[in-house]
Amino acid sequence: MWILLALVCMVLALKTFSFSFTLALIPFALGCLCFSQSDRESLDNFMAFGFMLILIGFVVLIVISFW
């Protein structure tokens with residue numbers, strides 16, 4: 001789950017960048033560290049998890065639209 005932590009850090013860095021460049025460097029550095037710790041297996045797990053979330057979202061959307 002290094003990839004997920006890296007993405008959370010990058011999003012936090014982007015949000016922080018809107019008001020302070022210096023504070024945004026901290027989550028950006030953490031995100032880079034997490035990306036460097038990840039391997040192919042964690043990327044595959046993250047992609048499979050994301051794909052399942054997208055499928056569940058489409059099913060919920062279809063059920064709501066038919067309701």
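## Surface and burial

In this predicted model, the protein chain exposes about 5,500 Å², and 80% of that area is supplied by carbon and sulfur atoms. Of the 67 residues in the protein chain, 21% are buried.

## Fold and dimensions

The protein chain has 3 helices and 0 strands, so that reading along the sequence gives the pattern α-α-α, with helices and strands taken as DSSP runs. Along its principal axes, the C-alpha trace of the protein chain spans about 50 × 30 × 10 Å.

The radius of gyration of the protein chain is 16 Å, whereas a compact globule of 67 residues would have a value near 11 Å. Among the contacts in the protein chain with a separation of 6 or more, 55% are accounted for by residues 24 or more positions apart.

## The loop at Ser38

Where does Ser38 have its place? Ser38 sits in the loop between α2, which covers residues 21-37, and α3, which covers residues 40-66.

Two kinds of neighbour can be described for this residue. A polar atom of the side chain of Ser38 lies 2.7 Å from the backbone oxygen of Phe35. When residues up to four places away in sequence are not counted, Ser38 touches Trp2 and Ile3.

Definitions and conventions. Residues are numbered from 1 along each chain as its sequence is written. This is a predicted model: local features need pLDDT of at least 70, side-chain atom pairs count only at pLDDT 80 or more; totals for chains, interfaces and linings use all residues. Side-chain values use heavy atoms; hydrogens and water are left out. Helices (H or I, at least four residues) and strands (E, at least two) are DSSP runs, numbered from the N terminus. A polar contact is a pair of N or O atoms within 3.5 Å; within protein, one must be able to donate a hydrogen and the other to accept it, and residues adjacent in sequence count only if both atoms are side-chain atoms. Contact means heavy atoms within 4.5 Å. The radius of gyration is taken over C-alpha atoms; the globule rule is 2.2 Å times the number of residues to the power 0.38. Buried means under 20% relative accessible area, exposed over 50%, partly exposed in between (1.4 Å probe, protein chains only). Accessible areas come from the Shrake-Rupley method with a 1.4 Å probe; for residues, only the protein chains shown count as cover.
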